[in-house]
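Subject: Structure handover and notes

Dear colleague,

I am passing on the structure we spoke about, and my notes on it follow below. Please read them with the model open beside you.

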Amino acid sequence: MQTDRFRRTVVLLAAAVATMAAGGGCERESERESAHAPVAAAGSPAASAGPAAPSATSAPRPGGHLFPMSMAPVLDDPQRDEWQRPDDVVGALSIRPGERIADVGCGTGYFTLRLLRATGATGHVVAVDVQQGMLDILERRLDADAKTRVTLRRNAPDRPLDRSDAVDLVLCANTLYEVGAADVAQFVQSMADGLAPGGRLAVVDWRPTQMRLGPPLEVRMTPARVRELALRAGLAPSQDVDLLPTHMFLVFTKPAGTSKLK
Ligand SMILES: C[S@@+](CC[C@H](N)C(=O)[O-])C[C@H]1O[C@@H](n2cnc3c(N)ncnc32)[C@H](O)[C@@H]1O
């Protein structure tokens, strides 16, 4: 049964979707390259690692559907848990203590904080987003301990990670559909590059079917397209998790012993 709060969430999401469909909810490309500081550190030694900070030479290309900052509170509405099932998503990833994880398109940290808990006291999460505003919200949610174990990084639109990240797991949730068509192949390649050999990429993204939640149908990706991009980036399909009616949940593995993929 729907509660009033759930109905409010649906209305907010529907409003966001309607705005996005009308082309007004996505920030203009020029706004993405506004005068944000390139990298936000959260107390980690690795905070400034990686060449992924935006620059004048990495301007975003058209076609992306950026989640508007004005809708950021929707990402953490507790009623979202009913359909997103974040604890089950993280549970299905069988994260081991001490793993190094990247949350690509981390937003306000809905998954970041759960990933951090799952990886335990010795684990580390690299939280990457193209919008500094999202990283700022996430930073405010980190306590002193979390600040030592989370690296916040604003990335260039087509390069969320690089080889020096060497993470065991990348989670890319509700983000791939936002990446512009001209950037998406390089974006997936960059996530593959950021994995250590044997590491996994998990893509959780809206299924391309008609439903009352989520972004417009025309911006969603098919599982076949995601698989194609992952394969092209040198990854092997390892799991198709049938957990969420609203989302595909695809896991890929970087072959062990692979030091360089292209
Ligand atoms: C719908 S939100 C999802 C946030 C979070 N993963 C979650 O599920 O709550 C999508 C996020 O992806 C980010 N994003 C979009 N394009 C991106 C890109 N090219 N690189 C990194 N982040 C991107 C947006 O800024 C936004 O924070």
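Two strands are taken to pair here if DSSP finds at least two bridges between them. Please keep in mind throughout that this is a predicted model.

With that definition in hand, strand 6 (residues 236–240) and strand 7 (residues 247–253) pair in the antiparallel sense, over four bridges, and within this pairing Ala236 stands opposite Thr253 in strand 7. Strand 6 and strand 7 form a hairpin, with six residues between them.

Turning to the whole chain, the secondary structure of the protein comes to ten helices and seven strands. Buried residues account for 43% of the 262 residues in the protein, and among contacts between residues at least 6 apart in sequence, 78% join residues at least 24 apart.

The sheet is an open one of seven strands, in the order 3-2-1-4-5-7-6 and with mixed pairing. Strand 3 and strand 6 stand at its edges and have a single partner strand each, so one side of each is left without a neighbour in the sheet. Neighbouring strands of this sheet are turned against each other by 20° on average, direction ignored.

Two of the helices deserve a look against this sheet. Helix 7 (residues 132–141) packs on the sheet, where it touches strand 2 and strand 3, and its direction makes about 160° with that of strand 3. Helix 6 (residues 112–119), for its part, lies across strand 1 (100–104), strand 2 (124–129), strand 3 and strand 4, and runs at about 165° to strand 2.

For the ligand, which residues come nearest? Of the 22 residues around the ligand, these are Gly105, Gly107, Tyr110, Val130 and Glu178. The shell around the ligand divides into 13 nonpolar, seven polar and two charged residues.

One residue in a loop may also interest you, namely Asn155, which is found between strand 3 (150–154) and strand 4 (167–173).

Methods
Residues are numbered from 1 along each chain as its sequence is written. This is a predicted model: local features need pLDDT of at least 70, side-chain atom pairs count only at pLDDT 80 or more; totals for chains, interfaces and linings use all residues. A residue is near a molecule or strand if its C-beta atom, placed from the backbone, lies within 6 Å of it. Ala, Val, Leu, Ile, Met, Phe, Trp, Tyr, Cys and Pro count as nonpolar, Asp, Glu, Lys and Arg as charged, and the others, Gly among them, as polar. A residue is buried if 20 or more other C-beta atoms lie within 10 Å of its own, exposed if 12 or fewer, and partly exposed in between; C-beta atoms are placed from the backbone. Two residues are in contact if their C-beta atoms, placed from the backbone, lie within 7 Å. Axes are lines fitted to C-alpha atoms, for helices over the stretch in contact, and angles run from 0 to 180 degrees between N-to-C directions.
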